[in-house]
Amino acid sequence: MSHGVGYTKKLAEPGAGSREPGAGSREPGAGSREPTFGLSPEWLLVDGKPFVDGLVLSHPEQVARLRRVCPEAVEAAVVAGDPCFDRMLAARAHRDRFRRALGVRRGQRLVVLNSTWNPEGLFGSGDQDILPGLLPRLAAELPADEYRLAAVLHPNIWYGHGPGQVRAWLDEACRAGLTLIDPVRGWRQAVLAADVVVGDFGAVSYYAATLDIHVLMAADGRGRLDPETPLASFVQHAPQLDPHSPLREQVERLLAGEHSRSDATNGVTSAPGASARLLQQHFYRLMNLPEPVAPALLEPLPLPAYDPPRRTAPLRVRTQVDGVDVWIERSAVSPYGAPGDAHVAVHDDTRDPAALEVADLITRDGVPDDPRLGGWRRWSADVMRGHPQCGMAVFVTGPHTCAVRTREGALFRLTADTDTDTDTGADLDPAAYASSLYAWLSTGGRVPPAGVQLRVHAAGGVHPVCVEPVTPLPRSATGAR
C-alpha cells in the first residue's frame with residue numbers, strides 16, 4: 001500500500017550501480033529513465049515476477065501507468081481507494097472541533113506549513129533554504145490575533161534528524177506561537193482545520209486541495225515527481241509563494257480569491273468513502289475466506305488534546321482608542337509607520353530576561369490559585385515590585401478570562417462577553433483584552449465601581465469584554481502611567 005497519494009515521486013532505484021546492464025530500462029514517463037518509487041520493475045519484481053500478492057492502488061490512472069512501466073505486476077494490482085483520505089473525508093464535520101483543539105479563535109485563520117521528506121521539500125528547499133527565513137517572517141507579518149501557525153513535518157524529518165534537533169531548529173518560531181503537530185496522529189486533523197496550507201509537492205498539500213483548503217506552493221520539487229501523475233499537474237498549476245514579497249498580502253489574496261481545486265479530488269481516489277469495503281474484500285479474497293457479515297469500518301480520527309498557542313516571545317501591540325472602542329493588533333514586529341499607540345507585552349517565561357525590563361505588560365497563564373506563585377494576586381504584586389517600569393501585570397486564568405493589576409495597585413477581572421450556545425460574541429486571547437484595557441486606561445479611561453464594557457476590534461470582529469474592579473479603586477487610580 002502506498003503511504004502517500006498514489007505513487008508519485010522519482011527516487012534513486014534500489015541497487016543503483018550494481019544492476020546488470022539493461023535492467024529496468026523501461027521509461028517510467030515523459031522521457032525520464034528514473035523510476036517512480038514503488039511503481040516500477042526495480043521496486044516490484046524479483047526474477048521477473050511480482051513479489052507481492054496485492055498491490056493496492058487508489059485510482060485507475062495508477063493501473064494505466066503500471067501497465068506501461070511494469071506490465072508483469074498488473075496481475076497483482078487492485079484498485080481499493082485511499083483509507084487515509086476516507087478517514088479525513090469522514091471527519092470533515094468535526095473541523096470546528098479540530099480548530100478549537102488548536103486554540104484557533106473565531107476570526108483567526110489557521111496557516112499550516114507542511115514539508116515532505118526530500119532535499120527539495122519545504123524543510124530542505126534545495127539550495128534556496130526557504131523555511132529558515134519564512135518562519136520568522138510569518139510570525140512578524142501575520143498578526144497574532146488574526147492568524148494561528150502550525151507545522152506538519154514528515155515523520156522522516158523528525159526521526160531522520162532527531163526530535164531534539166528539529167525542535168532546536170524551530171525553537172524561535174515556537175516561542176513566537178508556532179505549534180508542531182504530531183506527524184503520525186495529528187496531521188490529518190490539522191489539515192482539516194486549516195484555512196491555508198503553505199506546502200510543497202508532498203501528499204499533504206494534495207490532500208488539502210481535495211478538501212477545499214487553499215494551498216500555497218512554497219517548494220514545487222521540480223524534477224522529483226513523475227510528470228504523468230495528477231499530483232505533478234496540481235503542483236504545476238497551484239498558486240506559488242514568492243518568498244521575497246510580503247507574506248501577509250499573499251495569504252490574504254489567496255483567501256480572498258476564488259478557490260479552484262483543479263482535478264485534485266478526482267486524482268486522489270476513484271472510490272471515495274469505499275476503501276474499507278474494498279480492502280476487506282481484497283484481504284479475504286487473498287485468504288480464500290468468506291467476508292464477515294459486519295461492514296468494514298475505518299477508525300475515526302481522534303480529537304486531539306487542547307493545544308493553544310503559547311507565545312513567550314515579546315509582542316508589539318498597536319492600539320487606537322475611541323470612547324470604549326479599542327482597535328488592537330499584536331505582532332512580533334511593528335510595521336514601519338503603522339498608526340496608533342504602541343506598547344510591548346512580554347510573557348513571564350520569556351527566554352530573554354532583558355525583555356521583561358522594558359515590558360509595558362507582563363503576562364502569565366495558569367491556575368489562578370497556583371500555590372507555587374502564591375496565587376495571581378501575589379504573582380502580580382511580585383511583578384510590580386520586581387519590574388518598576390511595568391504598567392500592568394496580566395494573569396490569564398482561562399480561555400476567556402484574565403485578572404490584572406495596574407501600576408497604581410488597582411485590580412480588575414476581565415471577562416469576555418461570549419455566547420457559547422450560538423458561538424457569537426467575544427473570542428480573543430485574554431491577554432489582548434488586557435492590552436486593550438491598558439491602552440484605554442492610558443488615554444484617561446476610568447473604570448467605575450460597577451465596571452465597564454470595552455469593545456475590542458481585532459481579527460475582523462468586535463469583541464465585548466467586561467472589566468470589573470476586584471477591589472475598590474484608590475482615589476489616585478486614573479490608569480495613566
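Reader: What space lies in the second largest pocket?
Author: About 570 Å³. The model is a predicted one, and this volume is computed from it.

Reader: Why is it called a pocket and not a cavity?
Author: A cavity is a set of points where a 1.4 Å probe fits but cannot get out, whereas a pocket is an open set. This space is listed as a pocket, so by that definition it is open.

Reader: Which residues line the second largest pocket, and which lie nearest its centre?
Author: The lining holds 28 residues. P309, R310, D365, V396 and D429 lie nearest the centre. Two or more lining residues come from each of β12 (341-347), β13 (361-365), β14 (392-398) and α17 (430-442).

Reader: What classes make up the lining of the second largest pocket?
Author: There are 13 nonpolar, seven polar and eight charged residues.

Reader: What is the volume of the largest pocket, and what lines it?
Author: The largest pocket has a volume of about 1,000 Å³. Its lining has 48 residues, with S2, H3, G4, V5 and H154 nearest the centre. By class, 27 are nonpolar, 17 polar and four charged. Elements that each supply at least two residues include α3 (83-91), β5 (109-115), β6 (147-153) and α6 (155-161).

Reader: How many bridges join β16 to β20, and how many join β19 to β20?
Author: β16 and β20 have five bridges and pair antiparallel. R413 has E468 in β20 as its bridge partner. Seven bridges join β19 to β20, also antiparallel. Q453 stands opposite C466 in β20.

Reader: What lies between β19 and β20?
Author: Two residues, and the two strands form a hairpin. In the turn, A459 has a positive phi of about 55°.

Reader: What is the order of the strands in the open sheet?
Author: The order is β7-β6-β5-β8-β9, and the pairing is parallel.

Reader: What makes β7 and β9 stand at the edges?
Author: β7 (179-180) and β9 (214-219) each have a single partner strand, so one side of each is left without a neighbour in the sheet.

Reader: How do you know that β5 and β8 pair?
Author: Three bridges link β5 and β8 (residues 196-200) in the parallel sense. The cut-off is at least two bridges, so these strands pair. V111 stands opposite V196 in β8.

Reader: Which strands do α5 and α12 lie across?
Author: Helix α5 (residues 130-141) lies across β5, β6, β8 and β9, at about 170° to β5. Helix α12 (residues 247-256) lies across β5, β6, β8 and β9, at about 145° to β9.

Reader: Why is the pair of W187 and Y207 called tilted?
Author: The ring centres are 6.0 Å apart, with 35° between the planes. Pairing needs centres within 6.5 Å, so the rings pair. Stacked means under 30 degrees and edge-to-face means over 60, so 35° is tilted. W187 lies in α9 and Y207 in α10, so the pair ties together parts 20 residues apart in sequence. The structure holds six aromatic pairs.

Reader: How many cavities of 30 Å³ or more are there, and what space lies in the largest?
Author: There are five cavities of that size. The largest cavity holds about 90 Å³ of space. It is lined by 13 residues, with A139, L142, L149, A176 and R311 closest to its centre.

Reader: Which element gives the largest share of that lining?
Author: β6 does, with three residues. The elements giving two or more are α5 and β6. By class, the lining has 10 nonpolar, one polar and two charged residues.

Note on methods. Residues are numbered from 1 along each chain as its sequence is written. This is a predicted model: local features need pLDDT of at least 70, side-chain atom pairs count only at pLDDT 80 or more; totals for chains, interfaces and linings use all residues. Side-chain values use heavy atoms; hydrogens and water are left out. On a 1 Å grid over the protein atoms alone, a cavity is a set of points where a 1.4 Å probe fits but cannot get out, and a pocket is an open set with protein on both sides within 12 Å along at least five of seven lines; lining residues have an atom within 4 Å of a point. Grid points are joined across faces, edges and corners, and a volume is the space filled by probe spheres set on the points. Helices (H or I, at least four residues) and strands (E, at least two) are DSSP runs, numbered from the N terminus. Ala, Val, Leu, Ile, Met, Phe, Trp, Tyr, Cys and Pro count as nonpolar, Asp, Glu, Lys and Arg as charged, and the others, Gly among them, as polar. Contact means heavy atoms within 4.5 Å. Axes are lines fitted to C-alpha atoms, for helices over the stretch in contact, and angles run from 0 to 180 degrees between N-to-C directions.
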